Amino acid sequence: MTGLMKISRTKFYYKVKGLTGENPSVFFKTYKLNRAAELISEGKYTISEIADMTGFSTLSHFSRSFKKQFGVSPSEYE
């Protein structure tokens, strides 16, 4: 990302932190989980497909992160 924007990692960190109040890793993880929740609500894809589409490396990591964010597992989310 920083290569595309042609700024240093430090400058990117402070820009994201200044705009969102969160560090980049938290901001992007929250964004990915919110997108996953949208996809689950649509009902077009399986949980495994959604985990892959939103950039999580393993289904277990996705499920743990999702439950921590929303309080329910992906399969229980409506």
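Visitor: If contact means heavy atoms within 4.5 Å, which residues does Ala-37 touch, not counting residues up to four places away in sequence?

Guide: Leaving out residues up to four places away in sequence, Ala-37 touches Phe-66, Phe-70 and Tyr-77. This is a predicted model, in which local features need pLDDT of at least 70 and side-chain atom pairs count only at pLDDT 80 or more, while totals for chains, interfaces and linings use all residues. Residues are numbered from 1 along each chain as its sequence is written, and side-chain values use heavy atoms, with hydrogens and water left out.

Visitor: Which residues make up the largest nonpolar core?

Guide: That core (buried Ala, Val, Leu, Ile, Met, Phe, Trp, Tyr and Cys residues joined through side-chain atoms within 4.5 Å) has 10 residues, namely Leu-33, Ala-36, Ala-37, Leu-39, Ile-40, Ile-50, Ala-51, Phe-56, Phe-62 and Phe-66. Helices α3 (24-42), α4 (47-53) and α5 each supply at least two residues of this core, and the largest share, five residues, comes from α3. Helices here are DSSP runs (H or I, at least four residues), numbered from the N terminus.

Visitor: How do α3 and α5 cross?

Guide: Their axes, which are lines fitted to C-alpha atoms over the stretch in contact, with angles from 0 to 180 degrees between N-to-C directions, come within 10 Å and cross at roughly 90°. The two helices are therefore roughly perpendicular to each other, given that angles under 35 degrees count as roughly parallel, over 145 as roughly antiparallel, 65 to 115 as roughly perpendicular and the rest as oblique. On the α3 side the contact is made by Lys-29, Thr-30, Leu-33, Asn-34, Ala-36, Ala-37 and Ile-40, and on the α5 side by His-61, Phe-62, Ser-65, Phe-66, Gln-69 and Phe-70.

Visitor: New topic: at what angle do α2 and α3 pack?

Guide: Helix α2 (residues 9-20) packs against α3 at an angle of about 60°, with the axes 9 Å apart, which means that α2 is oblique to α3. The residues that make this contact are Phe-12, Tyr-13, Val-16 and Thr-20 of α2, together with Pro-24, Phe-27 and Phe-28 of α3.

Visitor: And where does Asn-23 sit?

Guide: Asn-23 is in the loop between α2 and α3, and with 24% relative accessibility this residue counts as partly exposed. The side chain of Asn-23 reaches the backbone nitrogen of Val-26 at 3.0 Å, and beyond residues up to four places away in sequence, Asn-23 touches Tyr-13, Val-16 and Lys-17. From Asn-23 to Phe-12 the separation is 11 residues in sequence and 9.8 Å in space, C-alpha to C-alpha.

Visitor: Last one: what is the phi of Lys-6?

Guide: Lys-6 has a positive phi of about 55°, although it is not a glycine. Most residues other than glycine have a negative phi. Lys-6 lies in the loop between α1 (2-5) and α2, where the residue is exposed, with a relative accessible area of 73%.

Notes: Buried < 20%, exposed > 50% of the residue type's maximum accessible area, 1.4 Å probe, protein only. Contact = heavy atoms within 4.5 Å. Polar contact = N/O pair within 3.5 Å; in protein donor to acceptor, adjacent residues only side chain to side chain.
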